[in-house]
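Have your viewer ready and follow along.

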Amino acid sequence: ESKVKLWGGSFGSTDAKVQISADLPNKEWSTQCQLIIDQDKPYFACSVTTTIGGTTTTEYSTRPIIIQINNWYTIRIEFSSEFGAIQYYLDDQLLGTYLPEDADLLLQGLLLSPSLGVWDSDGLINVSFDDVKINE
């Protein structure tokens, strides 16, 4: 969980994400929630992706939600260690629940690695993270 804010300019391309990833046999797995601004359209979305041999495939995604820049948003991803389901939240509102195709592998005690990330193509939008929490 983390508070995230896109701020500064109103035009550009920036992606700020909260991510959980794992190295599975023969592929990389990740789930992420992102605040994205693409040109002048800011939105929030979550997804599950897998990468095999350099090719990334989206297994699941929530529908995009329009957001505002210069506002703090709380992003939370919950992984059920009992069932393997993932729940996605924006400001404590549940946006989606998904059972990944690799849930059985993820439940076998593989190391899940949390991370925060920023991708910025032009430097016109700033990103801030605050109140980062990682629970087992």
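Strand β1 and strand β7, which covers residues 73–79, run antiparallel and are joined by three bridges. To find this pairing on screen, pick out Val 4, which sits opposite Tyr 73 of β7. Keep in mind as you look that this is a predicted model.

Now turn to the other neighbour of β1. Strand β1 spans residues 2–8, and six bridges connect it to β11, again in an antiparallel arrangement. Leu 6 stands opposite Val 127 in β11, and Trp 7 has Asn 126 as its bridge partner in β11. As a reminder of what holds such pairs together, strands in a sheet pair through backbone hydrogen bonds, and they can do so in parallel or antiparallel fashion.

Zoom out a bit and these pairings fall into place. They belong to an open sheet of five strands, ordered β9-β8-β7-β1-β11, with antiparallel pairing. Which strands stand at the edges? They are β9 (93–98) and β11 (125–130), and each has a single partner strand, so one side of each is left without a neighbour in the sheet. Going from one strand to the next, the twist averages 20°.

Stay at the β11 end for a moment and follow the chain onward. The segment after β11 contains Ile 134. Is this residue buried or exposed? Ile 134 has a relative accessible area of 61%, so it counts as exposed, the cut-off for that being over 50%.

The last stop is a covalent link. How many disulfides does the structure hold? There is one, and it joins Cys 33 to Cys 46, with an S to S distance of 2.1 Å. Cys 33 belongs to strand β3 (residues 27–39) and Cys 46 to strand β4 (residues 41–52), so the bond ties together parts that lie 13 residues apart in sequence. If you like to check torsions, the angle about the S-S bond is 105°, and the link between Cys 33 and Cys 46 is right-handed. Whereas Ile 134 is exposed, Cys 33 and Cys 46 are both buried, meaning under 20% relative accessible area.

Conventions
Residues are numbered from 1 along each chain as its sequence is written. This is a predicted model: local features need pLDDT of at least 70, side-chain atom pairs count only at pLDDT 80 or more; totals for chains, interfaces and linings use all residues. Side-chain values use heavy atoms; hydrogens and water are left out. Two strands pair if DSSP finds at least two bridges between them. Helices (H or I, at least four residues) and strands (E, at least two) are DSSP runs, numbered from the N terminus. Axes are lines fitted to C-alpha atoms, for helices over the stretch in contact, and angles run from 0 to 180 degrees between N-to-C directions. Buried means under 20% relative accessible area, exposed over 50%, partly exposed in between (1.4 Å probe, protein chains only). A disulfide is a pair of cysteine sulfur atoms within 2.5 Å.
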